[in-house]
Each structure stands twice: as C-alpha cells, then as structure tokens.
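Have the sequence and the 3D view ready.

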Amino acid sequence: LDNMLEGCQIIDRDWRYIYINEAAARHGRSTPQQLLNRTMMDAYPGIENTELFAILRRCMEERISHQMENKFENPDGSTGWFELSIQPVPDGLFILSIDVTGRKLAEMETRKQLDRMSALRKIDLAVLSSFDLDLTLIVSVDQIVEQLNVDAADVMLLDMAATALTYAAGRGFRHQAIQRGKLRFGEGYASRVALEQRVIQLQ
C-alpha cells in the first residue's frame with residue numbers, strides 16, 4: 001500500500017487516521033506524519049458538515065461499500081476531484097482515492113467552450129433571422145450575462161447627432177433609470193470607453 005499510486009487510508013471508528021500512504025496524504029496537501037492519529041475533523045475543519053462525511057458516516061454505521069466522485073476543498077484553498085472507493089474493514093473504513101483533477105478540469109474547459117460556441121450560434125441566428133436590431137441586442141446581452149457569469153450588462157449606442165450614448169438593451173439592473181439615461185460625451189466611464197476605444201475596469 002505504501003508504494004501504490006492510488007491513495008489508501010484507514011479511518012477508525014472514532015474518525016482517526018490509523019493508516020495513510022503518501023499518495024492519499026498528497027491528495028489532501030499533507031503528509032502521513034501530519035495526519036496519523038488525528039481525526040478527520042481535526043485535520044480538515046468543517047468536513048463533518050459535507051456530503052462526503054455524511055456518506056462516510058453511513059458506510060461506517062451500516063457497514064456498506066460506496067463508490068463516488070468527490071470535489072474536495074483543501075485547507076490551502078485549492079480544489080481537487082477524486083474517485084473514491086469506500087470499504088468497511090474491522091478497524092473502520094478503508095478509502096481508496098484516485099486523483100481525477102486533470103480530467104475534470106479538461107471536461108470543464110471543453111464544456112465551457114461548447115457553451116460559448118452555443119452562445120455565438122444563438123447570436124448568429126438572431127442576426128440572420130431578423131433585421132430587428134433590438135432583438136439582436138437583447139439576445140446578445142442575454143448570452144453575455146450567462147457566459148461571463150456577471151450580474152448585469154447593457155449596450156449603449158452612439159448617437160453622433162446628439163453626441164451622446166443612449167441605452168439600447170440590458171439585463172440584470174435593479175432599477176429602470178438606466179433605460180432612460182443618456183450619457184453625453186465626456187460624462188461617465190462608458191463615454192470614455194467609446195471615445196478612447198479601450199477597456200476600463202473598476203474595482
């Protein structure tokens with residue numbers, strides 16, 4: 001067990017680590033020496049309130065096996081995904097863990113790219129199926145909010161005759177005052193963006 005690439009650990013009935021190999025300790029950003037003879041709750045504060053611990057408790061009490069994929073938040077703030085095989089043993093529970101973080105990150109990136117392609121397709125369809133600029137902008141703003149995971153977004157169009165920016169479409173704003181707003185050149189950050197043709201970020 002000491003030389004396995006998979007993580008192996010044995011938790012006794014008091015939730016104390018009585019065996020853990022290097023791989024399992026590394027999965028938790030720790031070492032066997034730091035974990036042995038400590039309880040899970042002491043090593044990972046708050047773990048008793050997680051879905052994982054609820055499953056471990058059920059396996060411990062009912063003496064049953066369970067297999068699952070678990071997202072684990074490490075004490076240092078990093079996140080990992082693991083395939084877990086939980087087996088009852090005389091001393092408590094034996095847990096076999098396989099790190100699948102790389103695969104999960106790749107899946108998430110692929111899903112994100114597919115979502116973005118789908119969003120662009122929806123905007124394309126709105127442009128091609130209608131000459132209505134308002135409809136195109138509404139669809140575009142909806143997709144921007146969803147894909148960028150922002151609270152609110154709006155589009156302001158440049159009115160050269162009035163030398164101002166006027167509201168055209170938006171989503172997520174609590175008040176409708178922005179819909180009646182008009183920014184003259186030189187007023188506000190949106191006006192600066194239009195005039196200077198650059199991104200402005202505010203903290």
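First, a pocket here is found on a 1 Å grid over the protein atoms alone: it is an open set of points where a 1.4 Å probe fits, with protein on both sides within 12 Å along at least five of seven lines, and its lining residues have an atom within 4 Å of a point. This is a predicted model, where local features need pLDDT of at least 70 and side-chain atom pairs count only at pLDDT 80 or more, while totals for chains, interfaces and linings use all residues. Residues are numbered from 1 along each chain as its sequence is written, and side-chain values use heavy atoms, leaving out hydrogens and water.

**Pockets**

- The largest pocket has a volume of about 450 Å³, where volume is the space filled by probe spheres set on the grid points, joined across faces, edges and corners.
- Lining this largest pocket are Met-156, Leu-165, Leu-183, Tyr-189, Ala-190, Val-193, Ala-194, Val-199, Ile-200, Gln-201 and Leu-202.
- Helix 8 (residues 188-196) gives the largest share of that lining, 4 residues; helices (H or I, at least four residues) and strands (E, at least two) are DSSP runs, numbered from the N terminus.
- Sorted by class, the lining of the largest pocket has 10 nonpolar, 1 polar and no charged residues. Ala, Val, Leu, Ile, Met, Phe, Trp, Tyr, Cys and Pro count as nonpolar, Asp, Glu, Lys and Arg as charged, and the others, Gly among them, as polar.
- The second largest pocket comes in at about 200 Å³, and its lining has 8 nonpolar, no polar and 1 charged residues.

**Nonpolar cores**

- A nonpolar core is a set of buried Ala, Val, Leu, Ile, Met, Phe, Trp, Tyr and Cys residues joined through side-chain atoms within 4.5 Å.
- The largest one has 24 residues, and Trp-15, Tyr-17, Leu-56 and Ile-86 have the most contacts inside it.
- Helix 4 gives the most to this core, with 6 residues.

- You'll find Thr-39 in the loop between helix 2 (32-35) and helix 3.
- Is Thr-39 buried or exposed? Thr-39 counts as buried because its relative accessibility is 15%, and buried means under 20% relative accessible area, exposed over 50%, partly exposed in between (1.4 Å probe, protein chains only).
- Leaving aside neighbours within four places in sequence, Thr-39 is in contact (heavy atoms within 4.5 Å) with Asp-14, Trp-15, Arg-16 and Tyr-17.
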